[in-house]
Amino acid sequence: MPTLLIVHHTPSPTCQAMLEAVLSGTTAPEIEGVDVVRRPALSASASDVLDADAYLLGTPANIGYMSGALKHFFDQIYYPCLDATQGRPFGYYVHGGSDVTGAVRGIAAITTGLGWRPAAQPVTVTGELGKPDIEACWELGATLAATLMG
């Protein structure tokens, strides 16, 4: 069964709401035959990445960049997973109080280096989370899971 790995750093109620919406999308009734595994960014390992077929990343934008937890995840998995995960689909969501540009740029640079393939538009939110943002997170989760269906 194909596996979707969700790696997230969820320190705030807003990030928690985004994660829950993503998870809801990955487990929609239309999604069949996909195993969804979620790991906090500080405990996700290279083995988790190697065992998965697609990735969904979530982070706050802290001081203009992705969270240290997500950066730590990338630092731990980059070389062990570099060759084996080329071409795998991924997506991500980011929440920031005022700006997410640096976080988006950092994720794009690292995933490009890994050779991962964007499978959905990222969900980026600044300020308060609204209903359209929750719906976009649900769509993000459903889209990533659907890419793995036979």
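The model is a predicted one, so local features need pLDDT of at least 70 and side-chain atom pairs count only at pLDDT 80 or more, while totals for chains, interfaces and linings use all residues. Residues are numbered from 1 along each chain as its sequence is written, and side-chain values use heavy atoms, with hydrogens and water left out.

Helices here are DSSP runs of H or I with at least four residues, strands are runs of E with at least two, and both are numbered from the N terminus. Helix α4 takes in residues 101–114, 14 residues in total, and reaches 20 Å from its first C-alpha to its last, close to the 20 Å expected at 1.5 Å a residue. The expected span is 1.5 Å times one less than the number of residues in the helix. In α4 the buried residues are Gly102, Ala103, Gly106, Ile107, Ile110, Thr111 and Leu114. They cover an arc of only 150° around the axis, which puts them on the same side of α4; the arc is that of the directions from the helix axis to the C-beta atoms. Buried means under 20% relative accessible area, exposed means over 50%, and partly exposed is what lies in between (1.4 Å probe, protein chains only). As a rule, an α-helix has 3.6 residues a turn, so residues three or four places apart point the same way. On the face of α4 turned away from its buried side sit the exposed residues Arg105, Ala109 and Thr112. The buried residues of α4 pack against β3 (54–62), β4 (65–66), α3 (68–81) and β5 (89–96), where contact means heavy atoms within 4.5 Å. Just after α4, Gly115 takes a positive phi of about 80°.

Helix α3 also has 14 residues, which should span 20 Å at 1.5 Å a residue; its end C-alpha atoms are 19 Å apart, which agrees. Its buried residues are Ala69, Leu70, Phe73, Phe74, Ile77 and Cys81. These pack against β1 (3–8), α2 (46–51), β3, β4 and α4.

Next come the strands. In β5, eight of the eight residues are buried. Both faces of β5 are covered, with Pro89, Gly91, Tyr93 and His95 buried on one side and Phe90, Tyr92, Val94 and Gly96 buried on the other. Strands count as paired if DSSP finds at least two bridges between them. Six bridges join β5 to β3, and the two run parallel; Gly58 has Tyr93 in β5 as its bridge partner, and Thr59 has Val94. Strand β5 also runs parallel to β6, with two bridges joining them, and here Pro89 has Arg117 as its partner in β6. A further four bridges join β5 to β7 (residues 123–126), again in parallel, with Gly96 standing opposite Thr126. Together, β5, α4 and β6 make a right-handed β-α-β unit. Right-handed means that, with the strands pointing away from the viewer, the path from the first strand over the helix to the second runs clockwise.

Strand β3 has eight of its nine residues buried, so it is largely enclosed by the rest of the structure. It pairs with β1 in the parallel sense over five bridges, and Ile6 has Leu56 as its bridge partner in β3. With β4, β3 runs antiparallel over two bridges, and Asn62 has Tyr65 as its partner in β4. These two strands form a hairpin with two residues between them, and Ile63 in the turn has a positive phi of about 50°.

That leaves the aromatic rings. A search of the whole structure finds six aromatic pairs. In one, the rings of Phe90 and Tyr92 have their centres 6.2 Å apart and their planes at 10°, so the pair is stacked. Rings of Phe, Tyr and Trp (its six-membered ring) pair if their centres lie within 6.5 Å; planes under 30 degrees apart count as stacked, over 60 as edge-to-face and the rest as tilted. Phe90 and Trp116 form a tilted pair, 6.1 Å centre to centre with 50° between the planes. Phe90 lies in strand β5 and Trp116 in the loop between α4 and β6 (117–118), so the pair ties together parts that are 26 residues apart in sequence. Phe90 is buried at 4% relative accessibility, Tyr92 at 7% and Trp116 at 5%. Tyr55, Phe73, Phe74, Phe90, Tyr92 and Trp116 form one aromatic cluster.
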